[in-house]
Every structure is written in structure tokens, then in C-alpha cells.
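Biologist: I'd like to learn how to read a few features of a model. Could you walk me through some?

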Amino acid sequence: MQNSFYREIINDHNLYPTHKHELGCAGCEHRGINPNCGDDITLKLQMEDGVIKDGAYLGDGCAISQASADIMLDLIIGKRKEEAIRLTDIFLRMIKGEATEDEIEELEEAGALTDVSHMPARVKCAVLAWHTLEQLLHDNAK
Amino acid sequence: MDIKEIRRDFPLFQNYPNVAYLDNAATTQRPERVLLAEKRFYEEANANPLRGLYELSQKATDIYEDAREVVRAFIGARSTEEIVFTRNSTESLNLLAYSYGSLLQEGDEIAISVLEHHSNLIPWQQLAKKKRLKLQWIEIDENGRITEDAFRRALSEKTKLVSMTLISNVLGTRNDVKKFARIAHEVGAVFVCDGAQGVPHVPVDVNDLGVDFLAFSGHKMLGPMGIGVLYGRKELLDRMPPFLYGGEMIEYVGKEEATWAELPHKFEAGTVNGAGAAGLAAAIQYYENIGFEKIVKREEELGELTFRTLSEIPHVTILGAKDAASHHGIFSFMVEGVHPHDIAEILSADDVCVRAGHHCAQVLMKELKVNSTARVSIAFYNTEEEIIRLGESIRSLRRRMGYAE
Ligand SMILES: Cc1ncc(COP(=O)(O)O)c(C=O)c1O
């Protein structure tokens with residue numbers, strides 16, 4: 001994360017998050033933890049007719065884990081569930097270094113995390129929110 | 001001590017002249033003579049030690065056994081029978097938990113401290129579970145120290161074994177192992193000392209300390225990875241069953257029955273790490289050529305500087321003792337508002353290597369009420385300039401994370 005433009009995006013979302021707050025939503029939250037480093041987020045979504053109406057998270061951890069959650073919510077709020085799943089898939093492939101330029105473009109600011117693909121030690125931090133989202137949407141489908 | 005000259009002995013520093021390596025508690029670097037000792041073993045004496053009767057095998061055996069003698073002398077053991085080569089501290093401690101553990105009975109108690117590295121914690125925790133022993137915890141005070149009171153509180157007449165680290169890999173505090181071993185003996189318990197962080201940085205004499213067992217790793221003291229030591233008092237090792245079975249550790253084998261080789265071979269099943277032992281001996285000789293007291297003194301001076309440097313930076317908190325001397329070159333610290341992983345990553349961009357995480361001490365992390373810390377750990381070959389660079393990097397951290405100051 002030495003590219004300072006990307007660093008700024010991460011810092012900004014880490015220090016001044018838009019979506020880090022309480023949100024009332026019965027039965028649509030999921031907690032994700034990286035036991036090894038203690039990154040911990042609880043993600044909440046308000047769903048309506050298959051659309052993510054609103055979302056928020058709480059938690060603590062390194063800048064990458066927290067910023068990633070905030071950036072993710074920026075991207076998926078207002079989108080349909082299927083679209084969120086598709087974007088999550090792109091994000092996870094980007095972190096593995098397997099997404100195309102065009103796909104990364106679709107991720108908007110989340111593309112700032114592409115450098116993480118060169119930092120194996122930080123992969124878990126970057127993907128925590130996205131895996132938590134996957135789980136939440138999966139449970140929500142049942 | 002001419003540090004420039006010393007650093008020339010370490011090929012890695014030649015290859016990375018700009019890297020400030022400050023993660024010595026994880027593993028040290030190795031001087032060339034250690035690498036050469038390993039190479040020489042394979043080039044000039046390679047055969048299976050302790051097996052062949054031909055000259056090469058004899059040579060391999062001699063190098064291996066000479067290394068055992070070097071280790072014996074280094075820690076002041078009475079006999080080479082008391083020196084078992086293992087892979088590392090972790091294996092040494094597992095050997096004990098398995099073998100000495102088999103002599104313990106339901107209801108017996110073992111005591112360990114909350115400071116312990118997972119290597120000196122999980123083996124005992126799992127042993128206690130399996131054999132229905134009671135695991136007692138020795139608590140620390142607010143400075144990370146174990147007081148005599150706290151120690152005594154964890155002991156009872158049922159305590160059969162106490163295991164404790166000499167120096168904490170997180171806080172750097174040194175436990176008064178000499179006193180605690182004496183108290184443990186008073187209640188009839190054996191005392192195991194995890195020397196992984198202690199042996200490389202403070203003089204250790206097993207008889208002076210009065211410990212019954214001592215575990216340490218070659219790779220944390222300039223030696224190769226894959227060679228470690230378990231020291232054990234002969235009377236105890238004699239009573240203990242083997243840990244691993246196989247070649248080399250037997251005396252006689254029949255279809256139904258086998259008898260065990262003499263010490264220390266009883267505990268060294270399978271082909272041994274001859275080159276690793278040669279490398280470890282070379283590492284000890286390297287320490288001795290410089291003079292261990294000089295190394296300790298140098299590390300004290302660098303520790304002093306590191307403590308002062310960190311203490312002067314706003315928003316930085318050092319965990320544990322409030323004086324440099326109690327840290328033995330290990331400093332866990334926090335920077336307000338910056339997660340330890342971010343600290344390590346940004347420092348890495350400045351070519352400063354520090355560790356971040358729970359340091360394999362999750363029980364201690366809970367005790368300290370943190371998830372993780374950043375950790376600097378020094379060795380004698382570090383330079384004042386590296387510590388100054390560390391300070392400058394840490395000073396710039398908050399700004400680089402987007403804070404105004
Ligand atoms: C106090 C302590 N004990 C045990 C160990 C385990 O050492 P090794 O990984 O070499 O077995 C370490 C190393 O991290 C340590 O610091």
C-alpha cells in the first residue's frame with residue numbers, strides 16, 4: 001500500500017468512515033473475525049425486495065480491514081443482492097490477482113485495495129468484510 | 001566491539017545494506033561461519049552420523065558429538081548425556097509434555113504462567129486435558145512481572161511440574177527463575193524453563209539456575225533453523241520414556257520387545273541434524289569469540305537507546321516494565337490510533353523490520369487487554385543508526401495514516 005493515492009483512500013475511509021454506525025435491522029447481521037490478528041467487524045444490511053437499502057458496520061482492526069468494509073458498503077448500498085454477489089466475486093478475484101482491469105474499474109474505490117494482492121500478510125484483512133457480506137447474503141437467502 | 005566489522009560477518013547484511021532488521025526475537029541472522037560449518041559438514045563429513053563404521057560416518061558422528069559438548073559447556077550442564085538435540089524449543093517442550101507428562105497422574109497439578117509462548121502453553125494445556133491434570137496459572141502484575149506471592153499462589157503440594165519462560169517474548173521481562181525453581185522444588189515439583197528468548201541474550205548456567213529442564217532454539221541465537229536443544233537432568237531423563245520411536249534410539253529390538261539406547265540417544269530417534277548441530281556449535285563459538293559479556297553489554301546499551309527513543313515519541317506506549325534494563329532488548333509498543341499491522345507495514349516501506357501480531361501469546365494478549373502489538377527486538381549487531389531510523393519512522397506513522405499529527 002505504498003502508492004500514496006491508494007493509501008489516502010484507505011486512510012480516509014479508516015479515519016472518517018461513512019458507514020461505521022449502528023443500524024437497526026433484525027436478523028440481518030453477520031460478524032466476521034480474523035482470529036489471528038483480531039480484526040473484527042459486524043456487518044448489518046437492510047434488505048427490501050432483494051435490494052440493499054442501507055448498510056452499516058461496527059468493529060475494530062487494522063486500517064485495511066476497516067476501510068475495506070466502508071468502501072464495500074459505499075459500493076453495494078442501493079444495489080441488488082445478485083449484483084453485490086457479483087461484485088464481491090470480482091473483489092475476491094482481484095485480491096488473488098485474477099481480475100481484469102475492466103472488472104477492477106467496476107469496483108470503484110475498492111480497486112484501491114488491488115495492491116493487497118502483493119501483500120499476502122494483509123489479504124485476510126482486506127477480504128474480511130467481503131466474506132462477511134457473502135455469508136450474510138447467503139444466510140439471508142434461506 | 002567494532003559493529004561495522006561484526007556486520008561484515010553476516011552475509012544477509014551485505015545483501016541488504018539498507019534493511020534495519022529489528023525482529024531478532026523471531027529469529028536472528030546468521031554469521032558466515034555458521035553457514036560454512038553447515039556446508040563443511042556436507043562437503044567434508046557427510047554420512048549418516050552414529051550409524052556407519054567407516055571413516056566418513058565416524059567423522060560425521062564426531063562433528064555431531066563435538067557440537068553436543070560445545071552446547072553442554074555453554075549452558076554449564078554436567079554431562080553431554082543431558083543434552084538432547086531437537087528441532088527447536090517447541091519440539092523440546094512437546095517432548096517433555098509427552099514423555100515427562102506420561103509419568104503424571106490424574107489429579108496432579110502443573111503450573112505455567114500467563115506470559116508463556118504457545119509453545120510452552122498448548123503442550124501443557126493439552127496434556128492436562130488428556131490426563132485430567134489440573135492446570136494452574138501463574139499471574140503477572142501490572143508491569144508484567146511474576147511476584148513471589150503470585151508464584152506461590154499457583155503452587156500446592158499436588159504441583160508436579162512448573163514451566164516458565166526465562167524471558168518473555170512479548171514484554172522482555174526476565175523471570176526470577178532461580179528463585180522460582182527453588183520454591184518449586186520445595187513442593188516437590190520439577191521446573192522446566194523455556195529458554196528460547198533467554199539463552200541467546202543472558203548468561204545461563206543450568207546448575208546455577210537450578211532448573212531441571214531447559215529448552216531453546218538454535219535459530220534465535222545465530223544458529224541454523226531446525227536445530228534446538230533440550231537440557232534435562234540425567235536422573236530425570238533416565239526415568240522418562242522415549243518420545244519418538246525408530247532408528248538410533250534403541251539398544252535391542254525383537255518382535256515383541258525393545259530396549260532403549262543410552263542417553264541422550266534415547267530421545268533422538270531417526271537420522272539427526274548433523275549439519276544443524278555443527279552450525280549451532282559454530283554459533284556458540286561465535287558468541288564466545290566476541291565474548292558473551294560484551295554481547296550482553298552491547299544489547300543493554302542498544303536497549304537503553306531503543307527505550308529512550310520510543311518513550312520520547314508522542315502517542316507511543318511501551319508495554320510492560322517502565323525501565324529499559326527490564327526489557328532485555330524486547331519492546332512491545334502501541335501507537336494510538338494505528339493498528340499494529342499498519343505499523344509494521346509502514347515501517348516495512350522504510351526498510352525497518354518489526355513484528356506485529358499476538359506473538360504466539362494469546363493468553364498474555366488477553367491479560368494485557370490488547371489484540372496485538374508491534375514489537376521491536378534487538379541483537380548486538382544492530383546499530384544506533386537503525387534505532388534512530390526506527391524512531392523517525394514511528395514518528396511519521398500517524399501522519400502517514402491520515403492524522404493531522
Ligand atoms: C519464549 C518462546 N518460547 C518458545 C518459542 C518457540 O520457538 P521455536 O519456534 O523455535 O520452537 C519462542 C519463539 O518464538 C519463544 O519466543
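Biologist: What should the 17 residues of helix α15 (residues 384–400) of chain B span?

Modeller: First, some ground rules. This is a predicted model, where local features need pLDDT of at least 70, side-chain atom pairs count only at pLDDT 80 or more, and totals for chains, interfaces and linings use all residues. Residues are numbered from 1 along each chain as its sequence is written, chains are lettered from A and ligands numbered from 1 in written order, and side-chain values use heavy atoms, leaving out hydrogens and water. Helices are DSSP runs of H or I with at least four residues, strands are E runs of at least two, and both are numbered from the N terminus. The expected span is 1.5 Å times one less than the number of residues. For α15(B) that should be 24 Å, and the end C-alpha atoms are 24 Å apart, which agrees.

Biologist: How should I read phi and omega?

Modeller: Most residues other than glycine have a negative phi, and most peptide bonds are trans. Here, the bond from L263(B) to P264(B) is cis, with omega near 0°. P264(B) sits in the loop between β10 (258–260) and α11 (274–290) of chain B.

Biologist: Which phi does H359(B) have, and is H359(B) buried or exposed?

Modeller: Its phi is positive, about 55°, although H359(B) is not a glycine. H359(B) is buried at 1% relative accessibility (buried is under 20% relative accessible area, exposed over 50%, partly exposed in between, with a 1.4 Å probe and protein chains only). H328(B) also has a positive phi, about 50°, but H328(B) is partly exposed at 25%.
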